[in-house]
Amino acid sequence: MSALSIDSRSTSTLEPPAERLPGETTVLIVDDNLIDRRVAGRIVERQNGWKVAFARNGAEALLALERDAPRIVLTDLQMPEMDGLALVKEIRAKHSQIPVVLMTANGSEKIATEALQSGAASYVPKRDLAEELASTLKQVVAAARIDGQHQGLLACLTQRESRFWLGNDPALIAGLVALLQEDLLAMQLCDATGAIRVGMALEQALLNALYHGTLEVGMALRRNDEDYFRQMVEQRRVQAPYRNRRIRVLATITRDEATYVVLDQGPGFDPSKLPNPTDQENLNRSSGRGVLLIRTFMDRVTFSPTGNQITMVKRREGR
Amino acid sequence: MFDRQAVLDRLGGDEQLLGEIAGLFLEDCPRLVQSMREAVAAADAPNLQLAAHTLKGSLSYLGGCRICEAARRLESIGADADLTGAPEALQALADQTDGLLSALTELVAQPAYP
């Protein structure tokens, strides 16, 4: 087992403040509908330090990728010329370090599912753009900020097992995710897109362990009342029994696969009550998105019967 | 027909954005309905589908369930390439958009924001 300390510069991924992002973040918004572009563009422009570029379909988006050098792409699915699914595949082939977020709507469930399996990093239902878009983009940008400074050394690594006991500080999650992503790339288990997606899944699992498990503050509360949610989090972090709970993370990575086990010491839940992962209707709702992303981005996902422990396996991508 | 508060909620309470997209819709909607009429007359299923899809997207912000459903119906008629029910479905949609357009014309003429 290696002794690793967690990067102390890491920021909270619950909602990393925009001003901490180095430089300007350009978001490329791809949609054939002018009104959709305006609504999404307006939400992005209101974020500090964020800029917008627009494209009307996948073909225009590919040109804009060269011209505007966006950090992230937000795309509609059904478009003339080149649709969102084809765009996701093109970006993965040519710009695998640029994450793609989908905008979903009624009628686009099938193509959205395919795009999520092909390389997209997350999705936002169009009807929830006002509440969910900014936080989702920030979360994905954070998961795409992969540090490559140890790549030369890590290329010599053949197997690594790491064990972490985390307290209840949300600020540690981003650093741990980045560290685990770096191992994944060093072991060449996947491309940059794959590492972004595993990062998204790990982050969701850790956020669940922290907010649902350890602190017992539901994410639904966050959607309804952000201020009250934050207040509850700060209160419970120093209050018994919540403050005594720890999150254990076990990461075992070999040249063939990575296995992640996240355990929390909260009361647990009944995993059979989770939304049915094969129901494509879930893509039009924001609730349950975390588990859906985990199941899509990992190759095998199991919960312990009490729900406190999730095991996720990512196998080497054949490419 | 036009639920101002529901629309505003979807836009995060942004009155200015509401005024802006209402203006865009007022320009766009009659043009799209017209191109659907032309597509139905010319039995051009792909263009009917495209125009209905675009209108459905815009309506999802400003319209209610019923009017979105009317656009969705035309979109699937276009996708199935059987235009038998198209004239009737188009008339139903046009009747509903007329009501929405008057409400939005009023909204743009008398903005609630300073």
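Predicted model: local features only at pLDDT ≥ 70, side-chain atom pairs only at ≥ 80, totals over all residues.
**View 1. The fold of chain A.** Chain A carries eleven helices and ten strands. Its length is 319 residues, and 57% of them count as buried.

**View 2. The surface of chain A.** The accessible surface of chain A is about 13,400 Å². Carbon and sulfur atoms hold 48% of that area.

**View 3. The contact between chain B and chain A.** Chain B brings 18 residues to the contact, and chain A brings 17. Interface size is often given as the accessible area lost when the parts come together. Between chain B and chain A the buried area is about 1,500 Å². Carbon and sulfur atoms give 53% of this buried area.

View 4. Three salt bridges are found between chain B and chain A. One of them pairs B:Asp14 with A:Arg46. In this pair, the closest N and O atoms lie 2.4 Å apart.

**View 5. The side of chain B that touches chain A.** Helix 1 (4–10), helix 2 (15–41) and helix 3 (45–62) of chain B each give two or more residues to this side. Helix 3 of chain B provides the largest share, seven residues. Sorted by class, this side of chain B has seven nonpolar, six polar and five charged residues.

Notes: Residues numbered from 1 in each chain as written. Chains lettered and ligands numbered in written order. Heavy atoms only, no water. Helix = DSSP H or I, 4+ residues; strand = E, 2+ residues; numbered from the N terminus. Buried < 20%, exposed > 50% of the residue type's maximum accessible area, 1.4 Å probe, protein only. Areas by Shrake-Rupley, 256 points an atom, 1.4 Å probe, with all protein chains shown as cover. Contact = heavy atoms within 4.5 Å. Buried area = accessible area lost by both parts, 1.4 Å probe. Salt bridge = Lys/Arg side-chain N within 4 Å of Asp/Glu carboxyl O. Nonpolar A, V, L, I, M, F, W, Y, C, P; charged D, E, K, R; others polar.
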